[in-house]
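Notebook open. I wanted a quick look at one side chain first, then at the chain as a whole.

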Amino acid sequence: MKHFMVDNPFLTLSNAVWSESAVTDNALSLSGLRLAVKDLFHMAGLPTSAGNPTWLATHPIPTKTASSVTALLNAGANFCGKTMTDELAYSLNGQNIHYGTPSNPMTPDRLPGGSSSGSAVAVASGLADIGLGTDTGGSIRVPASYNGLFGLRPTHGVIPSDNMVALAPSFDTVGWLTKDLTTLAKTASILLKSKPPREFTNVLIAKNLMDQVAHVKELKAQLQTWREHGCFPKEASILIDTKAWKTSETFRTLQGAEIWHEHGKWVNDVSGLDKDRAVFAPDIQLRFDWCKHLSEADIAVAQQQRQRFTDWLESEIEGSVLIIPTTPGLAPLFTAADEELAAYRNQLMDITAIAGLAGLPQLHLPVCTLDGAPCGLSLVELKRHRFGAD
């Protein structure tokens with residue numbers, strides 16, 4: 001089996017029609033906005049494939065709908081389809097060897113990013129206004145960067161994750177993608193129900209991370225523009241040594257342990273069911289194989305490291321907004337070799353694990369391009385502050 005591109009980011013898994021009554025009150029805040037839903041969220045009467053045909057075949061059609069989906073529909077959003085996801089959401093590439101890789105409308109020769117690939121492509125293509133997705137290791141932030149969208153991963157746990165396929169529960173976070181901040185804010189008003197944001201006075205810039213990414217010149221130009229407009233009342237720099245903190249390694253270990261706890265029995269049960277067709281793409285299979293060999297000692301060390309890093313980061317950014325690059329640079333090419341993608345994944349997760357390990361909210365801003373491809377930076381704050389707080 002080989003990966004292939006598809007133009008349609010929506011799934012057509014059955015002829016079932018969404019049967020719950022739509023809310024048509026024009027006074028509602030999301031009235032007229034089209035909602036694309038990642039195929040991890042259950043919707044009563046519609047199948048959930050979680051990006052894998054064997055999962056689809058071995059699980060019943062859901063009878064309940066995720067509360068996050070219901071909330072958006074009750075606020076007037078119009079459901080326009082379920083969207084593709086990487087298999088079991090266990091990838092940041094946006095590829096799916098079974099259903100296809102949705103074509104990135106901004107740079108068709110590059111990957112769309114995942115695992116909320118379909119929702120991102122639907123919004124970037126103008127087929128939806130709100131792309132509902134999930135973010136465990138970067139699955140909102142990464143496709144937002146690759147498709148030139150705003151993407152919000154709120155504080156972990158502030159939005160219920162009921163009636164959906166889990167990946168790693170202590171990291172799984174409901175999030176969304178939009179083309180503009182107005183739509184993003186309208187969606188936030190429904191899903192977050194947070195206090196009004198307060199003005200921030202302190203800005204912390206992770207300059208060492210900025211210096212490591214391909215679009216460093218573009219990011220520095222954007223920061224300078226903000227300075228000239230008086231956006232930074234007080235500015236300082238912070239050193240986040242992701243190698244010393246082992247952010248990627250720590251995250252991947254804890255994520256892998258939770259994934260195997262959630263899905264290990266099912267993975268073992270379905271392995272080898274079809275002798276003529278692999279159940280998983282090779283890279284997904286390799287990750288599952290790695291997960292099941294994690295030791296209790298590995299997990300204990302990672303748990304301690306997560307706590308140390310979280311304590312340090314929260315103390316450092318108290319009262320500030322942290323600015324970091326969202327990704328190391330442009331989306332990888334669709335033709336990139338497996339080894340190249342694996343190496344890039346580790347580099348990418350060095351950055352995405354910063355907010356992931358600490359459960360912090362992160363907002364991607366599509367503020368620049370490099371060689372015609374979108375990229376940008378992110379704002380990160382403590383849990384009780386603006387991007388998905390109490």
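Is Asn96 buried or exposed? I found it buried, at a relative accessible area of 2% (buried is under 20%, exposed over 50%, partly exposed in between, with a 1.4 Å probe and protein chains only).

Ground rules before going on. This is a predicted model, where local features need pLDDT of at least 70, side-chain atom pairs count only at pLDDT 80 or more, and totals for chains, interfaces and linings use all residues. Residues are numbered from 1 along each chain as its sequence is written, and side-chain values use heavy atoms, with hydrogens and water left out.

Next I placed Asn96: it sits in the loop between β3 (78-83) and β4 (101-102) (strands are DSSP runs of E, at least two residues, numbered from the N terminus).

Then I checked what Asn96 touches. Leaving out residues up to four places away in sequence, I got His3, Gly51, Thr85, Asp86, Glu87 and Thr101 (contact means heavy atoms within 4.5 Å).

Two polar pairs went into the notes as well. A polar atom of the Asn96 side chain lies 2.8 Å from the backbone oxygen of Thr85, and the Asn96 side chain reaches the backbone nitrogen of His98 at 2.9 Å.

Zooming out, I noted that buried residues make up 58% of the 390 in the chain. For contacts between residues at least 6 apart in sequence, 78% join residues at least 24 apart. Last, I boxed the C-alpha atoms along the principal axes and got roughly 60 × 55 × 40 Å.

How values were computed
Helices (H or I, at least four residues) and strands (E, at least two) are DSSP runs, numbered from the N terminus. A polar contact is a pair of N or O atoms within 3.5 Å; within protein, one must be able to donate a hydrogen and the other to accept it, and residues adjacent in sequence count only if both atoms are side-chain atoms.
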